[in-house]
Amino acid sequence: MQCPKCHAAMHTYNRNGVQIEQCSGCRGIFLDFGELEALTRLESQWAQQAPPPAPQAYPAQPAPAAPAWGAPHQGGHHGGHYRQRGFGRMLFSS
Amino acid sequence: MLPSTPTQPAPLDRLAAVARAAAHRPDEPCRCASGLVGVLANRDDGTVVRHGALVAKAHAPDTDPEAHGARLALAGHPDVGGVLLPPRPLPTQAPTEIDGRPVTIWPYGPPVAPDDPDAAPWEDAARLLARLHRTAPPPPLASRLPAMRAPLKVELAVDRMRRTAPDHPAAATVLSAWQTIPNTNTTNANTNTNTNTSGPRLLCHGDFHLGQLVREPRPVGDGPWRLIDMDDLGLGDPAWDLARPAAWFAAGILPPEVWSRFLGAYQEAGGPAVGADPWVQLDVPARALTVQTAALALAKSTAERRPLDEVEDVMIDTCARIAGYRTESAPSAST
């Protein structure tokens with residue numbers, strides 16, 4: 001499938017059982033009929049299930065300030081996931 | 001072979017010979033273990049050969065001799081002793097350049113271990129940068145010191161992407177993010193736009209990342225960390241030296257706690273690059289470094305005929321957010 005905006009190829013991703021297409025060029029996302037509603041529903045379920053914050057064993061560090069264009073959910077799942085690979089880049093990219 | 005061509009060893013062998021001559025007296029046999037002799041890097045912009053306790057570096061072929069001389073003098077200046085690893089003298093018989101590339105000699109120091117993120121010396125790095133930024137440019141050198149090259153390197157990266165990966169599906173995204181960056185892209189790339197005289201004019205490294213740290217060699221045990229690589233040193237806005245870690249943090253790749261440690265150590269050491277809200281100064285340089293990283297990712301992945309990996313994909317996503325945020329929320333600052 002081609003992106004209707006920039007005509008680059010779109011790739012299919014599965015997010016919690018919802019298929020979405022993201023453009024490899026402009027990063028735009030294409031949603032089929034009902035997918036937005038499905039995502040909204042999943043989001044509200046997730047919000048309801050979120051446990052109350054656990055008592056802190058030590059004082060919580062305030063999250064550092066980030067720019068408006070920064071990644072959503074700073075330091076969430078992807079910090080650890082990309083850690084080793086990203087670390088290599090911090091060493092060798094120039 | 002052309003009959004008139006004198007037989008001359010290959011440039012890499014000549015550099016290795018300079019390294020050997022620097023490490024040993026002519027009459028001294030080499031007893032270095034084979035693991036301590038060899039090529040550490042072989043790129044157009046820097047080739048480094050180690051011989052025992054020293055390395056010889058051939059700098060980029062287009063190195064400006066005056067700028068190079070001023071940067072080398074700064075690296076060896078006592079005012080930045082304990083911050084920059086100082087050069088060692090070139091052996092008397094050695095060529096000062098090989099194939100048009102200036103040659104310098106440095107101590108070999110052990111680098112940051114690439115497989116152990118927990119051991120990375122973020123605080124030491126931050127304190128070294130703070131000390132560099134706080135050092136007044138040594139008076140006899142100040143007038144000769146060129147601009148640090150960090151903004152120019154972003155332009156060169158975008159230029160390389162335009163030249164070698166213009167049809168990559170993500171190239172337009174990188175260029176849209178690039179358009180949001182004021183000043184650096186208002187003229188054609190490759191012109192010397194680095195003469196911007198507004199803004200801070202402090203001593204800067206110009207290309208800081210963790211690969212630019214080594215331990216200063218000591219007879220026994222590990223010495224303290226020092227900054228290496230003089231090629232981009234100069235005067236400018238020190239926020240650019242924090243911009244690569246800032247960009248990786250903003251992209252979601254550098255964990256927030258590591259970024260906090262780095263920035264906190266820099267501020268505690270009196271680093272002058274940022275104020276109470278660090279993103280006032282970091283925003284533009286961090287966007288620029290995101291663009292640079294993404295542009296090089298497209299150029300390199302295209303040259304290697306491979307798809308982007310997940311870290312590179314994250315940098316393209318960040319470019320898309322930079323472009324989207326600026327176009328939605330503010331008129332372009334670059335016009």
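User: How far apart are the C-alpha centres of domain 1 and domain 2 of chain B?

Analyst: They lie 27 Å apart. Keep in mind that this is a predicted model.

User: And where does chain B get divided?

Analyst: Domain 1 covers 1–108, and domain 2 covers 110–335.

User: How many residues does each domain of chain B put into the contact?

Analyst: Domain 1 of chain B gives 18 residues and domain 2 of chain B gives 19 residues.

User: Which helix gives the most on the domain 1 side?

Analyst: That's helix H2 of chain B, residues 65–75, with 7 residues. By class, the side of domain 1 of chain B that touches domain 2 has 13 nonpolar, 3 polar and 2 charged residues.

User: Which residues of H6(B) and H9(B) make the contact?

Analyst: From H6(B) you have B:Ala171, B:Val174, B:Ala177 and B:Trp178. H9(B) brings B:Arg287, B:Thr290, B:Val291, B:Ala294, B:Ala295 and B:Leu298. Sorted by class, the contact has 8 nonpolar, 1 polar and 1 charged residues.

User: What about H3 and H8 of chain B, at what angle do they pack?

Analyst: H3(B), residues 122–134, and H8(B), residues 256–268, pack at an angle of about 35°, and their axes are 8 Å apart. Their crossing is right-handed.

User: Which residues meet there, in H3(B) and H8(B)?

Analyst: In H3(B), they include B:Trp122, B:Glu123, B:Arg127 and B:Leu129. Among those they meet in H8(B) are B:Arg261, B:Phe262 and B:Tyr266. This contact has 9 nonpolar, no polar and 3 charged residues.

User: Switching to chain A: do strands S2 and S3 run parallel or antiparallel?

Analyst: S2(A), residues 18–23, and S3(A), residues 29–30, run antiparallel and are joined by 2 bridges. For example, A:Gln22 has A:Ile29 in S3(A) as its bridge partner.

User: Which residue in that hairpin takes a positive phi?

Analyst: A:Arg27 does, near 70°. The hairpin of S2(A) and S3(A) has 5 residues between the strands.

Terms used. Residues are numbered from 1 along each chain as its sequence is written. Chains are lettered from A and ligands numbered from 1 in the order in which they are written. This is a predicted model: local features need pLDDT of at least 70, side-chain atom pairs count only at pLDDT 80 or more; totals for chains, interfaces and linings use all residues. Two residues are in contact if their C-beta atoms, placed from the backbone, lie within 7 Å. Helices (H or I, at least four residues) and strands (E, at least two) are DSSP runs, numbered from the N terminus. Ala, Val, Leu, Ile, Met, Phe, Trp, Tyr, Cys and Pro count as nonpolar, Asp, Glu, Lys and Arg as charged, and the others, Gly among them, as polar. Axes are lines fitted to C-alpha atoms, for helices over the stretch in contact, and angles run from 0 to 180 degrees between N-to-C directions. A crossing is left-handed if the near helix is turned anticlockwise from the far one by less than a right angle, and right-handed if clockwise. Domain bounds come from an automatic or database domain assignment. Two strands pair if DSSP finds at least two bridges between them.
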